[in-house]
Structure formats: C-alpha cells, structure tokens
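Q: I'm new to this one and would like to learn how to read its salt bridges. Can we go through them step by step?

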Amino acid sequence: MTYRRVTYRRLAVLLAAGLTPLALTAPAAQAATPAKPYDFNGDGRADLAIGAPAATVGGKKGAGAVSVVYGGSSGLKPASYKLLTQNTAGVPGAAETGDAFGSSLASADLNRDGYADLLVGAPGEDVDGDTDDGSVLIVWGAKSGLSGARNLVNHNERENDGYGKALAAGDFTGDGMPEIAIGSTGLFGLNFVSGPFTKTGAFGGGNGASFSYLTRPYSESYGIEYLAAGDVTGSGYDWLVVHGREEGTDDAVTTLADGRIGNFTDWLVTLPSGYVSAVGDIDGDGYDDIAVGNHRETSADPAGAKGGKVTVRYGGPDGVNTGRAPLTLTQNTAGVPDTSETGDAFGSSVSLGDINGDGYADLAIGASGENSGGGSVTVLYGSATGLKTTGAKAYTQNTAGVPGSSEKSDRFGARVSLADHSGDKRGELTVSAPGENAGDGSVWSLRATTTGPTTSGAVNFGPSATGVGTTGSPGYGKTLGG
C-alpha cells in the first residue's frame, strides 16, 4: 500500500513502559460472529446510549449519568432502559462532583461473546489524588442487557489528564481483534489499549502519541477532543479520525491515522478541519467515507464558514481518494434546505447510516444554532455517485409530527445518530436537544422508511423517563451513541 506523506513532521510516539502483551487468563469461548456496536443484548437491533455528563447524582453536581434505551421491533423503547452512574451497583468508583461521566461514548464487542459492550468516558474523574485525571468504564453486554463493569487501564496516567474525553473502538491494527482509542489532554493526547479484553485479568498492551511536535501542533491543553473510526481503505481494518485544536489558538485540526504502522504519526493524512466526524460508505464502493463537521464562523476558525459547514472526503486505497474533490456542504449549497446565517452552527453534529435501506450511507447534519438556537437537522442521501443534495429535507421541532415546539436555546440537532433500532435494516434518525426545558435535555427518534425518516409515530422522551434527575440542568443528550 502506498501512503501519502503530508506536511506534518514526525510526532513523538512513546511505548509506555511494560506495554508488551501480558499473560492473561484464558478468555471465555468467543462468538463466531461478534455483535455489531451498541447491540448490547444481541437481538440484532442497535440500542441507544444517551449521555448526561452534567447530571447531578447523589447530590454531586456534574457527576454525570448515561441512560441506555433498548431497541425493539418498532424502534426505541424508552420504557426499557438501563441507568448507569458511578453509584450504580456493580460500577466501580463513586459519583463525585465534576466527574462528567458520559462525556464520551463508544461501543464494540470487546470480549467477542456476541454482545456489544459500552465504553463511557469520565474525563473529570479524580484518580489517586490526581485531579481530573479521568477514567474510562467498560460495561459488559449480555443477553439480558448491560451488566457488570470494570475500569479501563490508563497506560500513560502520569503523562495525561482528562482521560476519556474522546473514545473510539475498532480493529486499528488489522489483527482481527478490537482496540480502544482514548483522547486526553497532556503530552500523550491519543492513547491505545489493545485486547484481548476480559471481565477479569490483566489488560493487554498499548501506546500513546504526542501531537505537540507538528508543523501545526495540536494543543496539549485542549487535547484530543473527538474520535471516529471506519474502514476507509476497504481492507478490513479501521482507520482513526483524530480531532484537536491548533496550539496557540482554538482552531480545529483534523487528521486520519493508520494504526497498523508503528510510526503512524509519520503518515498522517490531512483532513478538512472540524470538530466532529462520522464514517460510512456513502457510494457503496467498499471504502468508508468521512464527513467532517465544522460549526464555527470564519471569524472564530478560518476553516469554518458562515453558518457552519460539512466537508465529505471519499475513501480510497490510500485512506482518502485524492483523485476525487472534497464535497463541501453549507445551507447555501444548491438543494440543501434553508440558507446560511451567522450562528446556525450547521455541522455541529454528523452521522452516517442507511436510512432507506438502499445500501448507501445517508448523512444527517445537525445545526444546533438554527433559529436562535432552536436547532434543526438536515438529511441528505447517498448514491452510487456519492452524496446527493436532491431530495434533502430538514427537520425541526416545528415540523409536522415532531413532538414539541422549537424554542430559543433548545439546541435540537446538537447530536444526531442514524442506527437500526428496529432490526429492519434501516437506520432511525435520533436527535438530541440538550438545551430543551432549560437544560434538562430531550431525545427524539423518527422511524426509517424506504423514502426516509417519517414523523408519524415519532418517539420523544426526556431524562426523567429513563431515570436521570433534572436537578441542575443535566444536558440529557449531550452525547449519543447508537
């Protein structure tokens, strides 16, 4: 495979001491086919994890909580949920002020038992007297749903803080086993932990990378803020999209990394700068594509745009298809509903998934600042030629059939998710508005059809429906995983 060298200089990559694979107890018998991410009970339907990192738990402000709503034949079932906090029986630790449990979410079948497991970041966790050292929790999937948990090792604990502010899981080394990528602040902003993963016993090896020595270095104080993963080369393993900020500014920096290469930081591929991303195969060519959202104005970030933007890079054998021009989308793009206005925050969230079951990934884009922060979501459809703007449609709380009404600062579209919660091979559109009801937050799910999302029978629920208290504005839906 040929790699495209970019303008970045070599990053310092340090193997943490003693990170050769450790002798482990024999793992349980592995399932022939690992579960898909977020299918925690192995029923073939994706479940939804909802983070409320500002939730008050046991009187501790900002301790954080995560609600998991299980899928069913007609989509999400809010009455069937699992509440997770650090005060939940079987969860290590205790809820403490400012832990921010639920700030990041990821999922994979880590122990290959046929049930997906959940990863939860708590970047504000104090560890052994180290303030805001951060932690990551693994919650194990099972036939009855999520049950039992353990903390993930932090191999670079002395060199980072805010461990768990970003998470992704995938096969980054091509060995057929999952690895976990963790974002943090400090010298080693990107951390990896290798499997095998078991409910007891030692963890495998790992490594950490510093992003402080680039021509355009990542800020250690902001750290790695967002991660996404997918098979952009069609080779059966995942590449990692890495988001941070440029040192000395708060401008976005985004790159694509191949974890199979020991010195992968010599071979980073430059991506359009943004703060969030999603990975999926838009044109059905076997290469996952990358959608990068940058919600900021050019006055705040030179890579932004009036009202915000999303840029799509199509995948290829070398990571991105350099022979194919990037596709830039704003609300002024022909076919995209509405118009670009200052503060719309178009691109504040992105998700890729097949809504209509035609085999092509579709794109949902949140614009959480639209209409004075009321928010909106735009859906565009994939095809054999790439993403189409024809047939695009926007949704708000004022759209017929969507429960509620659009109000200032609701931030509808702050997070979006396209996942098959019903098992019909079409991805439901799930939208969060963490500012709803003065910061309580709320979630909507629209069923998928062969013609796109339908508002008929839309499901809407807030924190109280899934056990999260509303004291102190929990921001329910600030993160979504599913």
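Q: Is Glu225 buried, partly exposed or exposed?
A: This is a predicted model, so keep in mind that we are reading computed values. Buried means under 20% relative accessible area and exposed means over 50%, with partly exposed in between. Glu225 comes out at 23%, so it counts as partly exposed.

Q: Which residue does Glu225 form a salt bridge with?
A: The general idea is to look for a side-chain nitrogen of Lys or Arg within 4 Å of a carboxyl oxygen of Asp or Glu. Here the partner is Arg245, and the closest N and O atoms are 2.7 Å apart. Arg245 sits in strand β14, while Glu225 is in the loop between β12 and β13, so the pair ties together parts that are 20 residues apart in sequence. Arg245 has 14% relative accessibility, so it counts as buried.

Q: What does Arg296 pair with?
A: Its side chain meets that of Asp250 in a salt bridge, at 3.0 Å from N to O. Arg296 belongs to the loop between β18 and β19 and Asp250 to the loop between β14 and β15, so this pair links parts 46 residues apart in sequence. Arg296 is buried at 15%, whereas Asp250 is partly exposed at 26%.

Q: How exposed are Arg45 and Asp43?
A: Arg45 is partly exposed at 23%, and Asp43 is partly exposed at 32%. Their side chains form a salt bridge at 3.5 Å, N to O.

Q: How many salt bridges are there in the whole structure?
A: A search finds eight. Some join into a network linking Asp424, Arg426, Glu428 and Arg447.

Technical notes: Residues numbered from 1 in each chain as written. Predicted model: local features only at pLDDT ≥ 70, side-chain atom pairs only at ≥ 80, totals over all residues. Heavy atoms only, no water. Buried < 20%, exposed > 50% of the residue type's maximum accessible area, 1.4 Å probe, protein only. Helix = DSSP H or I, 4+ residues; strand = E, 2+ residues; numbered from the N terminus.
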